[in-house]
Amino acid sequence: MSKQAIILTVNGVARQALVEPNQTLTSLLRDELGLTGTKHGCGVGDCGCCTVILDGETVNSCLVLAMQAQGREVTTIEGLAKGAELHPLQQAFVDAGAIQCGFCTPGMILSAKALLDHTPQPTREEITKGLSGNLCRCTGYEKIVEAVQDAAGKMSEA
Amino acid sequence: MLLPSFDYYRPQSLPEALSLLGEMGEDARPLAGGTDLLVNLKLKKLAPKVLLDLGGLEELKGNRADDGLVSLGALDTASRLASGGPEVPGLLAMGAGALGSPQVRNRATLGGNLVTARPAADICLPLLALGAKAVLAGPNGEREVALDGYFKGPGYTVKEAGEILTRVILDAPRPGVGGGYQKLGLRQAMEIALVNVAAHLELEDDGKTVALARVALGAVAPFPMLSPGAASALIGKPAQETCFSEAAEAAAAEARPIDDHRGSAAYRRDMVRTLTLRALRQALSQAQGNQEAQA
């Protein structure tokens with residue numbers, strides 16, 4: 001089967017791409033659209049590094065076919081900042097030192113964003129559950145939880 | 001990790017999907033949430049020539065309530081089930097909420113969990129305890145299959161290659177009915193259960209006597225299993241600790257665990273006893289809560 005044209009919205013902008021049937025959404029974003037903020041980690045849905053928001057819900061983009069994104073809306077880490085101004089979650093991760101090697105960070109922040117979209121003032125347990133699909137191998141979870149708490153506080157003040 | 005080559009089709013109706021499946025036979029695999037299928041393709045455990053994306057089939061979507069029964073669409077995601085709603089029994093919501101991670105729950109489907117049929121499947125156990133039926137559509141029409149008898153082995157069910165699981169039918173949630181779900185794993189999320197137990201209790205109008213009970217056990221047999229001994233230790237008896245303990249003993253006796261890298265058979269049998277007891281207490285509290293709320 002040859003490549004097929006798909007149209008989707010990425011970070012608010014309509015995009016078009018030619019994709020193979022066996023191409024994942026991770027590969028579409030990274031290799032076709034140049035959005036390398038989405039990381040390719042385990043490739044089997046365990047680590048969460050490839051997390052993106054698809055029609056309002058987080059997914060492991062390594063387990064979504066590019067063709068399944070036809071007509072849908074994707075938010076990646078590149079879609080969070082407004083110009084030079086970081087999203088409150090991004091700023092909170094920087095401020096709390098919640099970033100070490102940084103590989104898990106885009107997925108962590110998108111999972112945290114989806115959590116705060118539904119639960120603006122989460123408990124500590126809700127945060128750890130909300131981030132349970134994202135692994136950090138630098139083991140900096142404590143600061144990540146602090147960063148989400150901090151961002152939740154600042155976002156509710158705003 | 002790369003996916004092998006395959007062709008991709010996205011049929012727009014159930015008849016179209018069934019006819020494509022009929023033409024392609026074993027070469028085609030239906031794709032729902034992809035959280036198991038795409039992983040198995042990447043790990044080279046499966047190599048279908050065609051993926052048939054079921055995502056466009058309206059027949060597999062939405063939940064309906066009718067005449068004391070509910071019909072749940074096979075494409076319901078675990079997330080949607082976990083968030084409950086009038087058609088979703090509490091027990092099913094608990095199981096769905098215990099599955100995988102948020103990202104996995106946002107993709108994994110009711111139908112996918114039933115077709116993948118893993119021995120510890122978080123959605124299969126509650127459905128088995130709830131006495132649910134699967135609707136299988138094939139070239140010669142639809143058939144309803146009770147889940148007690150549907151599972152045949154790990155990843156193996158009575159569903160034939162030309163059939164698509166379209167919906168699940170079960171009793172609508174009602175007062176005096178409660179469920180309990182207990183999952184034991186080595187960690188609290190993204191885990192395949194070491195042992196899991198789903199218990200379903202229906203009380204008589206007196207709020208004390210067990211009218212109907214089902215206890216489903218996971219990860220202790222080649223497929224999700226019911227414990228008939230636990231059910232008969234409960235039905236017609238007062239819903240209290242004495243018969244809960246008898247039911248837990250019966251469940252432990254009937255479990256068929258094996259030793260594997262995740263735990264020993266003896267430990268699993270012990271945990272069946274403990275988790276059955278806890279699941280029954282939880283089910284009773286939910287059933288009584290329901291009944292009081294109604295009164």
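Biologist: Two strands pair if DSSP finds at least two bridges between them; how many bridges join strand 3 of chain A to strand 5 of chain A?

Modeller: Strand 3 (residues 51–54) and strand 5 (residues 73–75) of chain A are joined by 2 bridges and run antiparallel. Within strand 5 of chain A, A:V74 is the bridge partner of A:L54. This is a predicted model, in which local features need pLDDT of at least 70 and side-chain atom pairs pLDDT 80 or more, while totals for chains, interfaces and linings use all residues. Residues are numbered from 1 along each chain as its sequence is written, with chains lettered from A and ligands numbered from 1 in the order written. Helices (H or I, at least four residues) and strands (E, at least two) are DSSP runs numbered from the N terminus.

Biologist: In what order do the strands of chain A form their sheet?

Modeller: The order is 2-1-5-3-4, in an open sheet of 5 strands with mixed pairing. Strand 2 (13–19) and strand 4 (57–60) of chain A each have a single partner strand, so these edge strands have one side without a neighbour in the sheet.

Biologist: Turning to helix 5 of chain A, which residues are buried?

Modeller: A:I144, A:A147, A:V148, A:A151 and A:A152 are the buried residues of helix 5 of chain A. Seen down the axis of helix 5, they line one face, because they fall within an arc of 135 degrees (directions from the axis to the C-beta atoms). Buried means 20 or more other C-beta atoms within 10 Å, exposed 12 or fewer, and partly exposed in between.

Biologist: What do those buried residues pack against?

Modeller: The buried residues of helix 5 pack against helix 2 (88–96), helix 3 (105–118) and helix 4 (124–130) of chain A. On the other side of helix 5 of chain A, A:E142, A:S156 and A:E157 are exposed.

Biologist: Now chain B: in what sense do strand 1 and strand 3 pair?

Modeller: Strand 1 (residues 7–9) and strand 3 (residues 50–53) of chain B pair in the parallel sense over 3 bridges, and B:Y8 stands opposite B:L51 of strand 3. Strand 2 (residues 28–31) of chain B also pairs with strand 3 of chain B in the parallel sense, over 4 bridges; there B:L31 stands opposite B:D53.

Definitions and conventions: Contact = placed C-beta atoms within 7 Å. Pairing = 2+ DSSP bridges.
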